[in-house]
Every structure is written in structure tokens, then in C-alpha cells.
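Dear colleague,

Here is the structure I said I would pass on. My notes follow below it.

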Amino acid sequence: MADVVAPIADVPAGQEHKYHFNIVMSCGGCSGAVERVLKKLEGVKSYQVSLDTQTATVIAEDSLPYEKVLKTIAKTGKKVTKGEADGEERSVEVPKDE
């Protein structure tokens with residue numbers, strides 16, 4: 001299956017975030033599930049999900065926190081093994097609902 005790509009826009013720094021996740025995905029259905037939740041998540045400007053590299057890169061509005069994107073991906077049942085926000089490694093422990 002080909003990588004799913006939404007255009008990654010060039011926006012000045014400080015007005016957006018770039019999040020990168022390593023995700024365990026074994027088939028096109030897995031990457032499709034991640035794509036579907038990212039497409040629906042408010043604040044996502046663009047994303048790229050790759051089954052080949054087992055990654056998802058998300059360009060998000062400044063108002064969308066890393067933890068919300070992580071939690072949304074985790075709801076698909078896929079395991080996130082590594083996460084980065086704006087180039088800095090972050091926890092992949094899914095935040096609990098309060």
C-alpha cells in the first residue's frame with residue numbers, strides 16, 4: 001500500500017507544531033486507521049502516515065498539543081514506540097482522562 005500523504009504546508013515557526021511518531025503498524029488497515037483519526041482531528045493541518053517506515057508526521061496548529069495527538073493515535077489500538085514534538089523526544093505514555 002502506498003504511503004498516505006496530505007500536503008505538508010510551509011508555515012512560519014511558532015505558528016504550528018511538527019509531531020513525529022513511530023507506530024507499530026502491520027498492514028494497510030493499521031496505517032489507514034491512523035490516517036482516519038488524524039484526518040478528523042481538529043487542528044491538524046497536514047499529516048503523512050507511512051506503513052513502510054512505521055511513522056506518522058503531523059503538522060498541527062499551535063493550539064493542538066502533542067498529548068492530544070498521541071492520545072488520538074493510541075485510540076486506534078496501535079502502539080506508539082517513540083514520539084517527538086518540534087524535534088525534541090517526548091513521552092509516549094498515553095495521558096489518562098481527567
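Leaving aside its neighbours within four places in sequence, which residues is Phe-21 in contact with? In this predicted model, they are Gln-54, Thr-55, Ala-56, Val-58, Tyr-66, Val-69, Leu-70, Ile-73, Val-80, Lys-82 and Gly-83.

Overall layout: the protein chain has 2 helices and 6 strands, in the order β-β-α-β-β-α-β-β from the N terminus on. Of its 98 residues, 40% are buried. Among contacts with a separation of 6 or more, 66% are between residues 24 or more positions apart.

Core: the largest nonpolar core has 22 residues, of which Phe-21, Leu-38, Val-58 and Val-69 touch the most other members. Two or more residues each come from strand 2 (16–23), helix 1 (28–40), strand 3 (44–50), strand 4 (55–61), helix 2 (66–74) and strand 5 (80–85). The most, 4 residues, come from helix 2.

Helix pair: helix 1 and helix 2 pack with their axes 9 Å apart and at an angle of about 140 degrees. Angles over 145 degrees would count as roughly antiparallel, so this pair is oblique. The crossing of helix 1 and helix 2 is right-handed. On the helix 1 side, Val-34, Val-37 and Leu-38 take part; they meet Val-69, Thr-72 and Ile-73 in helix 2. By type, the residues of this contact are 5 nonpolar, 1 polar and no charged.

Regards

Terms used. Residues are numbered from 1 along each chain as its sequence is written. This is a predicted model: local features need pLDDT of at least 70, side-chain atom pairs count only at pLDDT 80 or more; totals for chains, interfaces and linings use all residues. Side-chain values use heavy atoms; hydrogens and water are left out. A nonpolar core is a set of buried Ala, Val, Leu, Ile, Met, Phe, Trp, Tyr and Cys residues joined through side-chain atoms within 4.5 Å. Buried means under 20% relative accessible area, exposed over 50%, partly exposed in between (1.4 Å probe, protein chains only). Contact means heavy atoms within 4.5 Å. Axes are lines fitted to C-alpha atoms, for helices over the stretch in contact, and angles run from 0 to 180 degrees between N-to-C directions. Angles under 35 degrees count as roughly parallel, over 145 as roughly antiparallel, 65 to 115 as roughly perpendicular and the rest as oblique. A crossing is left-handed if the near helix is turned anticlockwise from the far one by less than a right angle, and right-handed if clockwise. Ala, Val, Leu, Ile, Met, Phe, Trp, Tyr, Cys and Pro count as nonpolar, Asp, Glu, Lys and Arg as charged, and the others, Gly among them, as polar.
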